[in-house]
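Please consider the following points alongside the sequence and the model. They concern the positions that a database record annotates.

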Amino acid sequence: KKPLNIVKMKKMKENKEPITMLTAYDYPSAVLAEEAGVDMILVGDSLGNAVLGYNSTIPVTIDDMVYHSRAVARGAQSTFIVTDMPFMTYHGGIDETLKGVRRIMQEGHAHAVKLEGGAEIADTVRAVVKAGVPVLGHIGLTPQSVNQIGGFRVQGKDAADAKRLLEDAKALEEAGAFAIVLELVTEAVAEAISNELSIPTIGIGAGRGTDGQVLVFHDVLQYASPYMPKRFVKTYADVGTIIRDSIGNYVQDVKNKSFPAEEHVFTAEDGVVESLYG
Ligand code: KIV
Ligand code: NA
């Protein structure tokens, strides 16, 4: 399978074919996301919550993003991978921003980066695009600014806010972003923005009018996700319960000496053992 690219993505919008995106943070999640056929994988800084146990994305570093991104890239070699630039790594000088972007691309093996913010970061987006790196925008609820926004509030609720979001979206398109994530935006405003832009919009908690959807891996699967349930998430499995019960069964088996059993035991006749860890 050939990975999606930003030209095909725009065609998908024109053809009204929804674009699917899911986060992944490590090798197995990337393998499974690719096998399931997602169009794009996001190595989101939501990994701070989902796999590192922080209560926001603010502590996440470039090193964290590079480390997880390259594991994802090993697992999903035929999928377009976008990796988040984390908190405060694209607000200093452009040289410093480009150094971080270089690491995400060259060491993290991503195909594109995602930056949170609107018109105020348009010049930065322009400079990154000029360096040959595709940029995914992200407006609406931007978790890296949660302390400034004052909580996880739905965006675009009044006319002034809707106007600001549309202007931000246009500024990002004009700066060269290939698509824009709309997070926690009213359905009406997200649809209006999607209709205004020629680049695709990817929604999360933004209703039915966007050109694509993105969700967090651990939310979709109820995999010990710290912030469940979320209204805008649809969960497709309860993997957390499966894992907890399975580990519980292993613990029980050892305690009651039913594991290891006859078939798990070596004798002097055994030779080379197959191992995943070779
Ligand atoms: O980090 C992330 O997972 C994201 C998505 C929620 C869009 O930015
Ligand atoms: Na993010």
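1. Glutamate 183 lies in strand β6, which covers residues 179-183. The unreviewed UniProt entry lists Glu183 under "active site". Please note that the model examined here is predicted.

2. Glutamate 183 counts as buried because it has 22 C-beta neighbours inside 10 Å, and the cut-off for a buried residue is 20 or more. Leaving aside neighbours within four places in sequence, glutamate 183 is in contact with His138, Gly140, Leu141, Thr142, Ile204, Gly205 and Ala206.

3. Under "binding site", the unreviewed UniProt entry lists Asp45, Asp84 and Glu116. These residues span 72 residues in sequence, yet no two of their C-alpha atoms are more than 10.9 Å apart, so they gather at one spot.

4. Aspartate 45 is found in the loop that runs between β2 (40-43) and α3 (47-50). This residue is buried, with 30 other C-beta atoms within 10 Å. Apart from neighbours within four places in sequence, aspartate 45 has contacts with Thr57, Val60, Met65, Asp84 and Pro86; one of these, Asp84, is also listed by UniProt under "binding site".

5. Glutamate 116 belongs to strand β4 (residues 112-116). It is buried as well, having 23 other C-beta atoms within 10 Å. Beyond its neighbours within four places in sequence, glutamate 116 is in contact with His138, Thr142, Gln144 and Ser145.

Definitions and conventions:
Residues numbered from 1 in each chain as written. Chains lettered and ligands numbered in written order. Predicted model: local features only at pLDDT ≥ 70, side-chain atom pairs only at ≥ 80, totals over all residues. UniProt positions renumbered as here; feature names shortened; annotations may be inferred. Helix = DSSP H or I, 4+ residues; strand = E, 2+ residues; numbered from the N terminus. Buried ≥ 20, exposed ≤ 12 C-beta atoms within 10 Å, placed from the backbone. Contact = placed C-beta atoms within 7 Å.
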